[in-house]
Amino acid sequence: AETCRRTLGVERHLTLALTSIQVVLGVLTLLYAPQGALLWLGLAHQLVGTLLMVSLVAATHAMRSPQAP
């Protein structure tokens, strides 16, 4: 139970960090699009979005997995 709780704590912090980075990258992509940085910021935004989705799937899986006795 303690290991699961610790894992969910890590997942929670990872999800919060990735969400914050995703928001900042989204805003920066819009602000710097006219200056030619759209490609790299857009790619970073997509990469962080993918990592965010993977972390949410992992957290959901961790919460639904049966606990070992």
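The chain contains two helices and zero strands; helices (H or I, at least four residues) and strands (E, at least two) are DSSP runs, numbered from the N terminus. This is a predicted model, in which local features need pLDDT of at least 70, side-chain atom pairs count only at pLDDT 80 or more, and totals for chains, interfaces and linings use all residues. Residues are numbered from 1 along each chain as its sequence is written, and side-chain values use heavy atoms, with hydrogens and water left out.

**Overall surface and contacts**

The chain exposes about 5,400 Å², of which carbon and sulfur atoms supply 73%; accessible areas come from the Shrake-Rupley method with a 1.4 Å probe, and for residues only the protein chains shown count as cover. Of the 69 residues in the chain, 22% are buried. Buried means under 20% relative accessible area, exposed over 50%, and partly exposed in between (1.4 Å probe, protein chains only). Among contacts (heavy atoms within 4.5 Å) between residues at least 6 apart in sequence, 61% join residues at least 24 apart.

**The nonpolar core**

The largest nonpolar core has five residues: Leu18, Leu25, Leu41, Val48 and Leu52. Helix 1 and helix 2 (38-64) each supply at least two residues of this core, and helix 2 gives the most, with three residues. A nonpolar core is a set of buried Ala, Val, Leu, Ile, Met, Phe, Trp, Tyr and Cys residues joined through side-chain atoms within 4.5 Å.

Leucine 52, a member of this core, touches Thr15, Leu18 and Thr19, not counting residues up to four places away in sequence. Threonine 15 lies in helix 1. With the same exclusion of residues up to four places away in sequence, threonine 15 touches Leu52, Ser55 and Leu56.

| Residue | Relative accessibility | Class |
|---|---|---|
| Threonine 15 | 16% | buried |
| Alanine 44 | 26% | partly exposed |
| Valine 23 | 52% | exposed |

Alanine 44 is found in helix 2. Between alanine 44 and threonine 29 there are 9.3 Å in space, C-alpha to C-alpha, and the two are 15 residues apart in sequence.

**A nonpolar surface patch**

Valine 23 belongs to helix 1 (residues 2-32). Together with Val27, Leu31 and Tyr32, Val23 makes a nonpolar surface patch of about 380 Å². Patches are made of residues with over 30% relative accessible area and no salt bridge; like charges are joined within 9 Å, and nonpolar side chains (Val, Leu, Ile, Met, Phe, Trp, Tyr) within 5 Å. A salt bridge is a side-chain nitrogen of Lys or Arg within 4 Å of a carboxyl oxygen of Asp or Glu.
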